[in-house]
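The sequence and the structure come before the details.

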Amino acid sequence: EAKNLLEKISLYLKEFLDDKVLEELNVAFVSIGQKYGFVSAGDVFRQKLAEATKTALGKGKAEGLSKGRAEGIRQNTRSLAKGFLKKGVSVETIAEVTGLTIDEIKAL
């Protein structure tokens with residue numbers, strides 16, 4: 001009963017406590033399946049939830065890194081274009097070399 005209560009409370013506590021604290025709470029209680037040596041429905045649910053969370057976090061991190069890199073490259077390209085403009089390079093040439101639009105370059 002205590003394990004079931006902890007599982008239900010954990011869903012709400014996730015918002016306020018980090019994963020390490022929740023893991024410590026979970027370790028303090030043994031599920032019915034663990035106590036009697038079988039895999040309970042709750043054990044299966046927790047395993048699937050942990051796997052889904054791990055997958056989602058990995059995917060989110062990869063997407064975030066990809067977007068960050070893309071924005072960094074775009075920012076560097078804008079900086080180069082701005083420098084070329086100061087040196088008197090034509091807007092058309094800058095657009096051709098950097099891939100920026102003429103409007104983007106003029107906005108710099």
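From the N terminus on, the elements of the chain run α-α-α-α-α-α. In this predicted model, the count is 6 helices and 0 strands.

Of the 108 residues of the chain, 14% count as buried. The accessible surface comes to about 8,700 Å², and 60% of that area belongs to carbon and sulfur atoms. Among contacts between residues at least 6 apart in sequence, 24% join residues at least 24 apart.

The largest nonpolar core of the chain has 6 residues: Ala81, Val91, Ile94, Ala95, Leu100 and Ile105. Helix H5 (residues 91-98) gives the largest share of this core, with 3 residues. In soluble globular proteins, nonpolar side chains tend to be buried together.

|---|---|
| Thr77 | Thr98 and Leu100 |
| Ala81 | Ile94, Leu100 and Leu108 |

Leu100 is listed for Thr77 and also for Ala81.

Thr77 lies in helix H4 (residues 41-86). Is Thr77 buried or exposed? Thr77 has a relative accessible area of 18%, and buried means under 20%, so Thr77 counts as buried.

How values were computed. Residues are numbered from 1 along each chain as its sequence is written. This is a predicted model: local features need pLDDT of at least 70, side-chain atom pairs count only at pLDDT 80 or more; totals for chains, interfaces and linings use all residues. Side-chain values use heavy atoms; hydrogens and water are left out. Helices (H or I, at least four residues) and strands (E, at least two) are DSSP runs, numbered from the N terminus. Buried means under 20% relative accessible area, exposed over 50%, partly exposed in between (1.4 Å probe, protein chains only). Contact means heavy atoms within 4.5 Å. Accessible areas come from the Shrake-Rupley method with a 1.4 Å probe; for residues, only the protein chains shown count as cover. A nonpolar core is a set of buried Ala, Val, Leu, Ile, Met, Phe, Trp, Tyr and Cys residues joined through side-chain atoms within 4.5 Å. Lists of a residue's contacts leave out its neighbours within four places in sequence.
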